[in-house]
Amino acid sequence: MSVLLDLLMGIFRQQTLGGAALELAALAAPLWLAVLVGLLIGWAWRPRWAGVVVGDNNAQQQAAQLPAPPPPASATATAVVSRNEAAAVVPRTVVAPAAAPEDEQLAVNTGDLMHLWRLVEEKNGGPSWIHMMDRTLPTMRYQAWRRDPPNGPPQYRSSTIFEDASPEVVRDFFWDDEFRIKNSWDDMLLQHETLEECTKTGTLVVRWVRKFPFFCSDREYIIGRRIWASGKTFYCVTKGVPRPSVPRQNKPRRVDLYYSSWCIRPVESTKGDGAMTACEVLLFHHEDMGIPWEIAKLGVRQGMWGCVKRIEPGLRAYQVARTAGEPISKCAAMAHITTRFNADELITEDNTEASSSNNNTEVEKPKHWTNNIPKVLMIGGAVALACTFDGGLLTKAVIFGTARRFAGPGRR
């Protein structure tokens, strides 16, 4: 600071205004020259992002004038992901083996099976899961996790293990909307109706109206459903599907982004006898309820266990009703129509696509030492300027700082 003051005072001690102006010009000239030299050299050695900003507009205009290439034959078998699901973190989808073209026209198709399978196998990528809860009842254990994707609402994963329960009964229990309302184990469900059904694949499109807290209006859901089976493991997909034919209303408010799917499979009992008499339900859930996500996370955390612990007595009541021979509802009967597949084929298909993706990835070439020549020239020029002009420490510091500033983008 003292050097700067001495320098400025020396300038203003000049006896004439013209002399002071010449001194100021002599001080500023090296700075402007260094900036100009740095700009010229920096533009010659501009980073990749500068080329993108300048050059990509022309490339895009040229590409827009070219006719679009015809889609590959495999595109007709690619899973269709709805526009609403794109806001969330959705993994890549490929066709499950032996998928028929007409299957892809259904509300829930093989691409959704691959999505759920990757979630179960932890092959879908995305942020790490954060453990939230671990609760135990005499015949049930519950664990929950959450993660926050970059775009989209929070996602939840839970594992519920029921003792002395078969996967078939648990599958019917979660599919049975009539029993949900009758038993009130899911006290948020107010209405349900079936809009579409496919008796060949068991695919359903249903409409739900769910009760929300008093400060929110009720919510309406248009949900697609389907079940796949591999041995005694069931992959049950439920997700929001667009249906413009169902008019929207102010109340209840339509929820477009909704995903809630289960993997139901037999597991070993916690009794330690080695018997596969327990059943695990892996649930993956996310939805955009129209509530700020941070508030929704707080509400879910506070109310999660209160909702979950009602599932266990509801399931036991359902088992008693089935044992007593009560007729099952139409919703539960549709759960018996499943699409059979071999999980090993999904593993093979997934590995094949992963290998293909790796082979198509370009390997970045190592930078040659000659790429550093412009940087050396620029820094050398700055040193020469600093040593040539007798402007004091301030001038040299600014010149070196300018060189360092323009050298920075090259390291990005």
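Residues 24 or more positions apart account for 61% of the contacts in the protein chain that have a separation of 6 or more, a contact meaning heavy atoms within 4.5 Å. This is a predicted model, in which local features need pLDDT of at least 70 and side-chain atom pairs count only at pLDDT 80 or more, while totals for chains, interfaces and linings use all residues. Residues are numbered from 1 along each chain as its sequence is written, and side-chain values use heavy atoms, with hydrogens and water left out.

Of the 412 residues of the protein chain, 41% count as buried, that is, under 20% relative accessible area with a 1.4 Å probe, protein chains only. Two separate nonpolar cores, sets of buried Ala, Val, Leu, Ile, Met, Phe, Trp, Tyr and Cys residues joined through side-chain atoms within 4.5 Å, are set out below.

| Core | Number of residues | Residues include |
|---|---|---|
| Largest | 45 residues | Tyr142, Val170, Phe173, Ile264, Met304 |

In the largest core, Met304 is among the residues with the most contacts; leaving aside neighbours within four places in sequence, Met304 is in contact with Met132, Met133, Tyr142, Ala144 and Tyr156.

Helix H4 spans residues 110-121, helices being DSSP runs of H or I with at least four residues, numbered from the N terminus. Because 11 of the 12 residues of H4 are buried, this helix is largely enclosed by the rest of the structure; the buried residues include His115, Leu116 and Trp117. At the start of H4, a side-chain oxygen of Asn109 reaches to within 3.0 Å of the backbone nitrogen of Gly111, and just after H4, Glu122 takes a positive phi of about 55°.

Notes
Buried < 20%, exposed > 50% of the residue type's maximum accessible area, 1.4 Å probe, protein only. Helix = DSSP H or I, 4+ residues; strand = E, 2+ residues; numbered from the N terminus. Expected span 1.5 Å × (residues − 1). Polar contact = N/O pair within 3.5 Å; in protein donor to acceptor, adjacent residues only side chain to side chain.
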